[in-house]
Amino acid sequence: MQRDDLPKRPPQSAVALAYKNGSGAPKVVAKGRGLVAEQIIAVAAEAGVYVHESKELVSLLMDIDLDRQIPPTLYRVIAELLAWLYHIESAKKSGEAPPPPPDTANLITTSTTSSDEP
């Protein structure tokens, strides 16, 4: 099979968020597709940062401009991910098994379709 005969997969996408205490919400600090996405993931791995895979969440975050805060509709899902990361760090320190990642697809659907209207 030649390289041209292989099925083409869409380029991988990645988004990096950063949060500083006292700031309103996490910000998008890096994003990209293909080689840029691979570099974002590699830098995260080198720094010991956990990478969570969620095509739905990455798709939503790719629409946010660099150095902009995430929108309020994503606060809950990002809070769940931050809590998950906290539990991973705690489990690592105590020698326990890390918790499974949250189901971000379900959280995204709930967060983006919720309404305060009756």
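A word on naming: helices (H or I, at least four residues) and strands (E, at least two) are DSSP runs, numbered from the N terminus. This is a predicted model, so to speak, with conditions: local features need pLDDT of at least 70, side-chain atom pairs count only at pLDDT 80 or more, and totals for chains, interfaces and linings use all residues. Residues are numbered from 1 along each chain as its sequence is written, and side-chain values use heavy atoms, with hydrogens and water left out.

Start with Pro-99, which sits in the loop between helix 3 and helix 4 (104-113). Leaving aside residues up to four places away in sequence, Pro-99 touches Trp-84, His-87, Ile-88 and Ala-91; contact means heavy atoms within 4.5 Å. Pro-99 and Ile-88 lie 11 residues apart in sequence, with their C-alpha atoms 6.4 Å apart.

Now helix 3 (75-94). Its buried residues are Val-77, Ile-78, Leu-81, Trp-84, Ile-88 and Ala-91. They cover an arc of only 140° around the axis, so they are on the same side of helix 3; the arc is that of the directions from the helix axis to the C-beta atoms. Tyr-86 and Lys-93 are exposed on the face turned away from that buried side. Just after helix 3, Gly-95 has a positive phi of about 80°.

Next, helix 1 (35-46). Ala-37, Ile-40 and Ala-44 are buried there. Seen down the axis, the buried residues of helix 1 fall within an arc of 60°, so they line one face. They pack against strand 1 and strand 2 (27-33). On the other side of helix 1, the exposed residues are Leu-35, Gln-39, Val-43, Ala-45 and Glu-46. Gly-48 follows helix 1, with a positive phi near 75°.

Last, the pocket. On a 1 Å grid over the protein atoms alone, a pocket is an open set of points where a 1.4 Å probe fits, with protein on both sides within 12 Å along at least five of seven lines; lining residues have an atom within 4 Å of a point. Of the 37 residues lining the largest pocket, Val-15, Val-51, His-52, Glu-53 and Val-58 are the closest to its centre. Strand 1 (13-18), helix 1, helix 2 (55-62) and helix 3 each supply at least two lining residues.

Note on methods: Buried < 20%, exposed > 50% of the residue type's maximum accessible area, 1.4 Å probe, protein only.
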